[in-house]
Amino acid sequence: MKILLAEYAMGIGMGGTMLLEGRAMLRTLADSFTQLGHEVTYLTAGSKLKNGTAIISDVDTFESVLRDAAKNNDAGLVIGPDELLGNLTEIVESGTVNLGCPAESVRLCADKLMCTQALDSNYISTPKIVSEGYEGRYVIKPRYGCASEGVRMTFPEKLEAEKEEYIATEYIEGEHLSVSLVCGQSVLPLSLNKQLIEIKEDNGDTIFEYKGNQVPYRTDYEDEVFQVAKRTVETLGCNGYVGIDIVYGDRPYVIDVNPRPTTAIFGLVKTLKGEIGELLLMNMFGKLPDSVILEGECSFTKDDIEDII
């Protein structure tokens, strides 16, 4: 098959950590599909991968190049920022088989307010949304965003939840985890991961910064978390590779749903017996297995990615 891959940071030539993480995810997928014998093309503003054929794009041409390339491939997958991913997914859907979440699901997951309300209405535990008058510390985060960007714990007198671009939720004390899974006609949990979160103080606020992952993370409540993750993607209509951020306190609380590959995929493929590309194709064109086998463990931080790739 001819497989199109597009990652926004790499496709527009964004710098810094976002480019490194995007390149790592894109390379992981390109290597897997190539290993399976498929013909891979990918969008890039200049940086080249070991496997696959590059299609040059930039910030002005990314969408048009994506649209043209989608028509010339049998299937495609796009990764991008929450606020853009819905539109980018529609472009892929207009030209080829989308291996990822449908655009409607992407938009629901990306909107943290609407996503939280949808999960709560289906009796899936989430941190409660708070407003003025709430007592105690709470977490405030952008309504759209990823990788813990802009997430902080602060005091009631600083409440900014009424601002359209923010939501505020109760703070849940517990372990920071994530679930990697593939879903569609069925749901296949791949791994439970421990998120490496750096917590630091800044002007009276507590800042949470995602630093990396331990893949997999073995714990007695793995099955419980997987069941919550399964109900979550079914509620939100997800498809393909999905990453779910969870805090395990007195029970699993769903914090964020990422309707796309996440950086945990890099550690996953180091331990997965088999190819992630095959699972993504089986999800669309065949039948997923009942389970996967993970061998060993991979821990990495964002600072490691440049050396690793």
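Modeller: A residue counts as buried when its relative accessible area is under 20%, as exposed when it is over 50%, and as partly exposed in between; the probe is 1.4 Å and only protein chains count. Helices are DSSP runs of H or I with at least four residues, strands are runs of E with at least two, and both are numbered from the N terminus. The model is predicted: local features need pLDDT of at least 70, side-chain atom pairs need 80 or more, and totals for chains, interfaces and linings use all residues. Residues are numbered from 1 along each chain as its sequence is written, and side-chain values use heavy atoms, without hydrogens and water.

Colleague: Which residues of helix H4 are buried?

Modeller: H4 spans residues 82–95. Its buried residues are Asp 82, Leu 85, Gly 86, Leu 88, Thr 89, Ile 91 and Val 92.

Colleague: What covers the buried residues of H4?

Modeller: The cover includes helices H1 (8–12), H3 (62–70), H5 (103–110) and H6 (112–121). Strands S4 (75–79) and S5 (97–98) are also part of that cover. A contact here means heavy atoms within 4.5 Å.

Colleague: Let us step back. What makes the protein as compact as a globular protein of its length?

Modeller: First, the parts: there are 10 helices and 14 strands. The radius of gyration is 19 Å, and the globule rule gives 19 Å for 309 residues, so the protein is as compact as a globular protein of that length. The radius is taken over C-alpha atoms, and the rule is 2.2 Å times the number of residues to the power 0.38. The C-alpha atoms fill a box of roughly 55 × 45 × 40 Å along the principal axes.

Colleague: How many of the 309 residues count as buried?

Modeller: The share is 54%. Contacts also reach along the chain: among those between residues at least 6 apart in sequence, 63% join residues at least 24 apart.

Colleague: Now the rings. How many aromatic pairs does a search of the whole structure find?

Modeller: The search finds 3. Rings of Phe, Tyr and Trp (its six-membered ring) pair if their centres lie within 6.5 Å; planes under 30 degrees apart are stacked, over 60 edge-to-face, and the rest tilted.

Colleague: Why is the pair of Tyr 8 and Phe 62 called edge-to-face?

Modeller: The centres of Tyr 8 and Phe 62 are 5.2 Å apart and the planes are at 80°. The distance is within 6.5 Å and the angle is over 60, so the pair is edge-to-face. Tyr 8 lies in H1 and Phe 62 in H3, so the pair ties together parts 54 residues apart in sequence. Both Tyr 8 and Phe 62 are buried.

Colleague: What makes Phe 266 and Phe 300 an edge-to-face pair?

Modeller: Their ring centres are 5.8 Å apart and their planes stand at 80°, so this pair is edge-to-face. Phe 266 is in helix H8 (residues 264–271) and Phe 300 in strand S14 (residues 298–301), 34 residues apart.

Colleague: How do you know that Phe 266 is buried? And why does Phe 300 count as buried?

Modeller: Phe 266 has a relative accessible area of 6%, so it is buried. Phe 300 is at 2%, so it counts as buried too. H8 is mostly covered, with 6 of its 8 residues buried. Among them are Ala 264, Ile 265 and Leu 268.

Colleague: Why does Tyr 123 count as exposed?

Modeller: Its relative accessibility is 73%, so Tyr 123 counts as exposed. Tyr 123 lies in the loop between H6 and S6. It has a positive phi of about 60°, although it is not a glycine.

Colleague: Pro 127 is in the loop between H6 and strand S6 (138–142). Is Pro 127 buried or exposed?

Modeller: Pro 127 has a relative accessible area of 6%, so it is buried. Leaving out residues up to four places away in sequence, Pro 127 touches several residues, including Thr 116, Ile 172 and Tyr 253.

Colleague: Why does Gly 80 count as buried?

Modeller: Gly 80 is at 7% relative accessibility, so it counts as buried. Gly 80 sits in the loop between S4 and H4. Beyond its neighbours within four places in sequence, Gly 80 is in contact with Tyr 8, Leu 85 and Arg 260. Gly 80 and Pro 261 are 181 residues apart in sequence, and 9.6 Å apart in space, C-alpha to C-alpha.

Colleague: Which kind of peptide bond joins Val 215 and Pro 216?

Modeller: That bond is cis, with omega about -10°. Pro 216 lies in the loop between strand S11 (205–215) and helix H7 (222–236).
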